[in-house]
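Please look at the sequence and the model first, and then read the points below.

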Amino acid sequence: MNADWTGGPDKLLEADEQRKDVARRFRNTQVPLMKLWTYYYGLGGDADEMSFDAYLNEALHLPAAQVGLIATAMRELSEGGDQ
């Protein structure tokens, strides 16, 4: 968990579930990590590659806005939105 986490217990449980869902969806896609990170970054994401990788491996929390961008990037890439 990030040292700057400020959510309460309910928010932490919600964030954990969201992280697990995003990680599961990533594992089920054929999109390479670097391609996903590059697309996410192009959407305005600001997590560095290492933090992004850690998040997708359920080892780090990211702010909700960043998680939304990751989900958008995964959805668009898996639907062929980068072509």
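## Aromatic pairs and helix packing

Trp37 and Tyr41 both belong to helix H2 (residues 33-42), where they stand 4 residues apart, about one turn of the helix. Helices (H or I, at least four residues) and strands (E, at least two) are DSSP runs, numbered from the N terminus. The model is a predicted one: local features need pLDDT of at least 70, side-chain atom pairs count only at pLDDT 80 or more, and totals for chains, interfaces and linings use all residues. Residues are numbered from 1 along each chain as its sequence is written, and side-chain values use heavy atoms, with hydrogens and water left out.

**The chain as a whole**

- The chain contains 4 helices and 0 strands, and its pattern along the sequence reads α-α-α-α.
- Of its 83 residues, 33% count as buried; buried means under 20% relative accessible area, exposed over 50%, and partly exposed in between (1.4 Å probe, protein chains only).

**Aromatic pairs**

- A search of the whole structure finds 2 aromatic pairs. Rings of Phe, Tyr and Trp (its six-membered ring) pair if their centres lie within 6.5 Å; planes under 30 degrees apart count as stacked, over 60 as edge-to-face and the rest as tilted.
- Trp37 and Tyr41 form a stacked pair, with 5.0 Å centre to centre and 25 degrees between the planes.
- Trp37 counts as buried because its relative accessibility is 14%, whereas Tyr41 is partly exposed at 49%.
- Tyr40 and Phe52 form a tilted pair, with 4.9 Å centre to centre and 35 degrees between the planes.
- This pair links distant parts of the chain, since Tyr40 lies in helix H2 and Phe52 in helix H3 (residues 49-56), 12 residues apart.
- Tyr40 is buried, with a relative accessible area of 0%, and Phe52 is buried at 1%.

**Helix H2 against helix H4**

- The axes of H2 and helix H4 (residues 64-78) come within 9 Å and cross at roughly 120 degrees. Axes are lines fitted to C-alpha atoms, for helices over the stretch in contact, and angles run from 0 to 180 degrees between N-to-C directions.
- H2 is therefore oblique to H4; angles under 35 degrees count as roughly parallel, over 145 as roughly antiparallel, 65 to 115 as roughly perpendicular and the rest as oblique.
- Lys35, Leu36, Tyr39 and Tyr40 in H2 meet residues of H4, including Leu69, Ile70 and Leu77; contact means heavy atoms within 4.5 Å.
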